[in-house]
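Keep the picture in view and look up each residue as it comes up.

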Amino acid sequence: MAAVRKLQRDSKFTFNLLSNKTFSFLKDWNTSQLFMKWSMLGRITAQAFNFDQFFQLYQKDDFVRDFFSDPCVVSNLKVADTPGQWRTLDTKVTKVKAELIPCTRVSMALFDPLYSDGILRTTGHIRKCFDEFYGDFDELRKMLILEDSEHYEIISQVDREEFLFRLFKHFCLGGSLCQYEDVIDPYIETTKSVYKDMVSVQKDPETKEINVISIVFKVSAYNDSGMCYPATKDHEQTFAYLAVDPLKRHVYVLYNCFGVGLMSATDTDKPHT
């Protein structure tokens, strides 16, 4: 049995950068403006790689370990340096962590409770409030981060673990100098756009139902000095997710490093006319 396991690990996953893969949310001018407002512009990005073998969930740890040790990944995986400035990982990874993130949602219905439980006004405006610790606050962020919020339980703990909800929360909380929205629509639409770019779905030929086929991991990597990816310091708003499409053999990386984002979009970010 040990010989079989050794034989299996003699054949590692290998990866190639899909440099021509485009992510719609990174090209969209309106989304760039929102990322700038939320102090995430120049700190959030996505990349695509392919891999050469059939992948199954039980191979999670080997897959992520091979990903971070692959020469193509090490020399191409982006890490935020200063806002708008990127470097590559370029270090020998000695340890990885990979958390399986539930990813089952194929609609935005998860957010329906937000519209009927006192968090929003009928206009879609987010209700403001005051908190002793946070000062000027709002009911949406209160629901997201304070377990003693009267609205905390309108989203179940199971749904809070979903990749879709995690994206929403990341965008609502933003970066160091985040300017929070007065209405919910920008958060919902950006979440939808990014989720659609990152996640693959398939229609069941018998039931005709649409199902998610992507497998999502939240990952971190370490070298001899400690954590090196997604950053050297841990923060809830610093994250890296791998979304694995086992059919296409693609893996999409969604990365963000908490901090102060770019204050303006460059000319190259503007929409084509």
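## About the model

This is a predicted model, in which local features need pLDDT of at least 70, side-chain atom pairs count only at pLDDT 80 or more, and totals for chains, interfaces and linings use all residues. Residues are numbered from 1 along each chain as its sequence is written, and side-chain values use heavy atoms, with hydrogens and water left out.

## Salt bridges

Side chains of opposite charge can pair when their charged atoms come close. Here, a salt bridge means a side-chain nitrogen of Lys or Arg within 4 Å of a carboxyl oxygen of Asp or Glu. The structure contains nine of these salt bridges. One of them pairs K37 with E181, with the closest N and O atoms 3.2 Å apart. This pair links distant parts of the chain: K37 sits in helix α3 (residues 29-37) and E181 in the loop between α8 and α9, 144 residues apart. Helices (H or I, at least four residues) and strands (E, at least two) are DSSP runs, numbered from the N terminus.

How open are these side chains to the outside? We call a residue buried under 20% relative accessible area, exposed over 50%, and partly exposed in between (1.4 Å probe, protein chains only). K37 is partly exposed at 29%, whereas E181 is buried at 6%.

Now look at helix α4 (residues 60-69), where D62 and R65 lie three residues apart, about one turn of the helix. An α-helix has 3.6 residues a turn, so residues three or four places apart point the same way. D62 and R65 form a salt bridge, their closest N and O atoms being 2.8 Å apart. D62 is partly exposed at 24%, and R65 is partly exposed at 42%. Another bridge joins E161 and R166, at 2.8 Å from N to O. Salt bridges with shared partners connect E99, E161 and R166 in one network.

## Cysteines without partners

A disulfide is a covalent bond between the sulfur atoms of two cysteines. How many disulfides does a search of the whole structure find? The search finds zero, counting a pair of cysteine sulfur atoms within 2.5 Å as a disulfide.

Take C172: the closest cysteine sulfur is that of C178, 8.7 Å away, which is too far for a bond. C257 is in no disulfide either, since its nearest cysteine sulfur, in C228, is 13 Å away. C172 is buried at 1% relative accessibility, and C257 is buried at 10%.

I184 lies in the loop between α8 (163-173) and α9 (185-198), and at 0% relative accessibility I184 is buried. Beyond its neighbours within four places in sequence, I184 is in contact (heavy atoms within 4.5 Å) with L114, Y115, L120, G124, I126 and F168. I184 and Y115 are 69 residues apart in sequence, but 9.6 Å apart from C-alpha to C-alpha.

Helix α9 has 14 residues and spans 20 Å from its first C-alpha to its last, close to the expected 20 Å. The expected span is 1.5 Å times one less than the number of residues. Among the buried residues of α9 are Y187, I188, V194 and M198.

## A nonpolar patch

V106, V201 and I210 make a nonpolar surface patch of about 240 Å². Patches are made of residues with over 30% relative accessible area and no salt bridge; like charges are joined within 9 Å, and nonpolar side chains (Val, Leu, Ile, Met, Phe, Trp, Tyr) within 5 Å. Accessible areas come from the Shrake-Rupley method with a 1.4 Å probe; for residues, only the protein chains shown count as cover. V106 is in the loop between β5 (95-101) and β6 (128-131), and is partly exposed at 47%.
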